[in-house]
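Please look through the structure below slowly, keeping the sequence beside it, before reading the paragraphs that follow.

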Amino acid sequence: MACPQMRSLAVLIVLTILLLLLACCEASPSSSPQLQHRNHTRKMLKASAPSPATGGGVHSSRRVDVYGCSEPEELVTVAQNSDASLHSGMPAYTVEITNNCIDCTVCDVHLSCGDFANTELVDPATFRRLGFDDCLVKDGGPILPSEMIIFQYANSFLYEMKVVSAACNCA
């Protein structure tokens, strides 16, 4: 006699869990029209997390004062991922510098970069060290809305890079 009662109890539990899951799905923020509208009016891109497919990596981003921008939330982010080692066996890294503003151009982007050095040449028009802990992106030129500057470097260790300053709405 205990077997039919156990089955009834199990069915009741499964149905209750399914109803709770259904209720949670219907109440999620992505289904709310008000919240969907709020997401569409947002001006910034979200920085993506490092993917396991690219070997993971370090993601470093912070809010910076971007001079001349109408909104204080304009951001420039820097992300670094480990790459395959070069033929010399030296570890390699890919750097992605992104203008997350979708309607403004930034320029004169300076990164803190320590004593950046590279075993392979990085195009100085893309990224170059001006002095200790001061590197310039794209020769100080404009980085268009949502544009991503990508370069690779090789060294025995990863250099931590952070945005120090940038200007906005550059011609």
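A search of the whole structure, which is a predicted model, finds four salt bridges. Side chains of opposite charge can pair when their charged atoms come close. One of these salt bridges brings together the side chains of Asp139 and Arg128, with 2.9 Å from N to O. Because Asp139 lies in the loop between S7 and S8 while Arg128 belongs to strand S6, this pair ties together parts that are eleven residues apart in sequence. Asp139 is partly exposed, with a relative accessible area of 42%, and Arg128 is also partly exposed, at 33%.

Another salt bridge is formed by the side chains of Glu147 and Lys138, with 3.0 Å from N to O. Lys138 has a place in the loop between S7 and S8, and its relative accessible area of 26% makes it partly exposed. A further salt bridge joins Lys162 to Glu160, whose closest N and O atoms are 3.0 Å apart. Here Lys162 is partly exposed, with a relative accessible area of 31%, whereas Glu160 counts as exposed, because its relative accessibility is 52% and the cut-off for exposed is over 50%.

Which phi does Lys138 have, positive or negative? Its phi is positive, at about 55°, although Lys138 is not a glycine. Asp139, which is placed in the loop between S7 and S8, likewise has a positive phi, near 55°, and is a residue other than glycine.

The next topic is the cysteines. How many disulfides does a search of the whole structure find? The search finds two disulfides. In one of them, Cys101 and Cys104 are paired, with their sulfur atoms 2.2 Å apart; Cys101 is buried, at 1% relative accessibility, and Cys104 is buried as well, with a relative accessible area of 4%. Another disulfide joins Cys113 to Cys135, with 2.0 Å from S to S. This pair links distant parts of the chain, since Cys113 sits in the loop between S5 and strand S6 (127–131) and Cys135 in strand S7, 22 residues apart. The torsion about the S-S bond of Cys113 and Cys135 is about 85°, so this disulfide is right-handed, and both Cys113 and Cys135 are buried.

The largest nonpolar core has 25 residues, and Ile97, Phe127 and Met161 are the ones that touch the most other members. Several strands give two or more residues to this core, among them strand S3 (76–83), strand S4 (92–99), strand S5 (106–112) and strand S9 (162–168). If neighbours within four places in sequence are left aside, the contacts of Ile97 include Val76, Val78, Leu111, Phe127, Val137 and Phe151. Glu147, described above as a salt-bridge partner of Lys138, is also in contact with Ile97.

A patch of about 830 Å² is made by residues including Leu9, Val11, Leu12, Ile13 and Val14.

Methods
Residues are numbered from 1 along each chain as its sequence is written. This is a predicted model: local features need pLDDT of at least 70, side-chain atom pairs count only at pLDDT 80 or more; totals for chains, interfaces and linings use all residues. Side-chain values use heavy atoms; hydrogens and water are left out. A nonpolar core is a set of buried Ala, Val, Leu, Ile, Met, Phe, Trp, Tyr and Cys residues joined through side-chain atoms within 4.5 Å. Buried means under 20% relative accessible area, exposed over 50%, partly exposed in between (1.4 Å probe, protein chains only). Helices (H or I, at least four residues) and strands (E, at least two) are DSSP runs, numbered from the N terminus. Contact means heavy atoms within 4.5 Å. Patches are made of residues with over 30% relative accessible area and no salt bridge: like charges are joined within 9 Å, nonpolar side chains (Val, Leu, Ile, Met, Phe, Trp, Tyr) within 5 Å. Accessible areas come from the Shrake-Rupley method with a 1.4 Å probe; for residues, only the protein chains shown count as cover. A disulfide is a pair of cysteine sulfur atoms within 2.5 Å.
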